[in-house]
Structures are given as structure tokens and as C-alpha cells.
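User: I have a model on screen and want to learn how to read it. Where do we begin?

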Amino acid sequence: MSLNVSILLIILGSAIVTFIPRVVPFIVIRKIGLPKVVIKWLSFIPICIFTALIVDSFIIEDESLLSIDWRVLAAIIPTLIVAIWTKSLSVTVIVGVVCMATIRFVF
């Protein structure tokens, strides 16, 4: 399999475009002191993201009724425990992905 130069340039361009908005803000913020109000506000973002992910996948709408996806609940419980215990978004996401993958593989 050969690699075409245009495909390589597309892959590199995509990597750069993905890298800039995700990494550069962290580099800039480290050098600038943020007010305490902004830091406190930013501390709630992982909680909001976690809640949005749970609500989106946990509640299922069947014809006008709401129901619970029990497989998702089985993955949420250990993920929530890890989130409270570690307070780390990356560890929480990894545990959630592993739990959900295990449940989907087994059931």
C-alpha cells in the first residue's frame, strides 16, 4: 500500500487543525493568571459534561414514554464512583469507556 502525498498532507493538516484549538488554549492560559471567579466557574465544566453525557445516553424515549437503559446504568455507577473519588476527567472517561465496552461485550 502506497501513501499518496495529497493524502499525507490532508492527514497532517487535519492533525494541525485539531491540535490548535485543543492544546493552544491550555498553553496560553498557563501563562496568564485568571481571576478566581473564572477558575471557580471552569471547575464546574467537567460536572456539566458528565451530566450531559449521562442524560443523553441514560434516558430513552419510547413512543411518548421515558425508560431507562439498564446497561448504561451499570456503566454509570462505577464511573460516577471513580469521578467522585479521583475528580479527574480523563480517568473518569477512561473508566466509563472501559465499563461500557465490557458491558456491551458481555451482554
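Analyst: Begin with one side chain. Val 97 has a relative accessible area of 53%, so Val 97 is exposed. The cut-offs are these: buried means under 20% relative accessible area, exposed over 50%, and partly exposed in between (1.4 Å probe, protein chains only). Val 97 sits in helix H5. Helices (H or I, at least four residues) and strands (E, at least two) are DSSP runs, numbered from the N terminus.

User: What should I know about the source of the model?

Analyst: This is a predicted model: local features need pLDDT of at least 70, side-chain atom pairs count only at pLDDT 80 or more, and totals for chains, interfaces and linings use all residues. Residues are numbered from 1 along each chain as its sequence is written, and side-chain values use heavy atoms, with hydrogens and water left out.

User: Which residues form the nonpolar patch on the surface?

Analyst: First, the rule. Patches take residues with over 30% relative accessible area and no salt bridge; like charges are joined within 9 Å, nonpolar side chains (Val, Leu, Ile, Met, Phe, Trp, Tyr) within 5 Å. A salt bridge is a side-chain nitrogen of Lys or Arg within 4 Å of a carboxyl oxygen of Asp or Glu. Here the patch consists of Val 38, Trp 41, Leu 42, Ile 45, Ile 49, Leu 53, Leu 89, Val 93 and Val 97, together about 780 Å² of accessible area. Helix H2 (36-43), H3 and H5 each give two or more residues to the patch. Areas come from the Shrake-Rupley method with a 1.4 Å probe; for residues, only the protein chains shown count as cover.

User: Which residues make up the largest nonpolar core?

Analyst: A nonpolar core is a set of buried Ala, Val, Leu, Ile, Met, Phe, Trp, Tyr and Cys residues joined through side-chain atoms within 4.5 Å. The largest one has nine residues: Phe 50, Ile 54, Phe 58, Val 72, Ala 75, Ile 76, Cys 99, Met 100 and Ile 103. H3, H4 and H5 each supply two or more of them. Take Ile 103: beyond four places in sequence, Ile 103 touches Arg 71, Ala 74 and Ala 75. Contact means heavy atoms within 4.5 Å.

User: How do I check a helix, say H4?

Analyst: Compare lengths. The expected span is 1.5 Å times one less than the number of residues. H4 (residues 70-86) has 17 residues and should span 24 Å; its end C-alpha atoms are 25 Å apart, which agrees.

User: Which residues of H4 are buried?

Analyst: An α-helix has 3.6 residues a turn, so residues three or four places apart point the same way. In H4 the buried ones are Val 72, Ala 75, Ile 76, Thr 79, Val 82 and Ala 83. Their cover includes helix H3 (45-58) and helix H5 (89-106).

User: Is Thr 79 buried or exposed?

Analyst: Thr 79 has 6% relative accessibility, so Thr 79 counts as buried.

User: What is the phi of Lys 87?

Analyst: Most residues other than glycine have a negative phi. Lys 87 has a positive phi, near 55°. Lys 87 lies in the loop between H4 and H5. Its relative accessible area is 71%, so Lys 87 is exposed.
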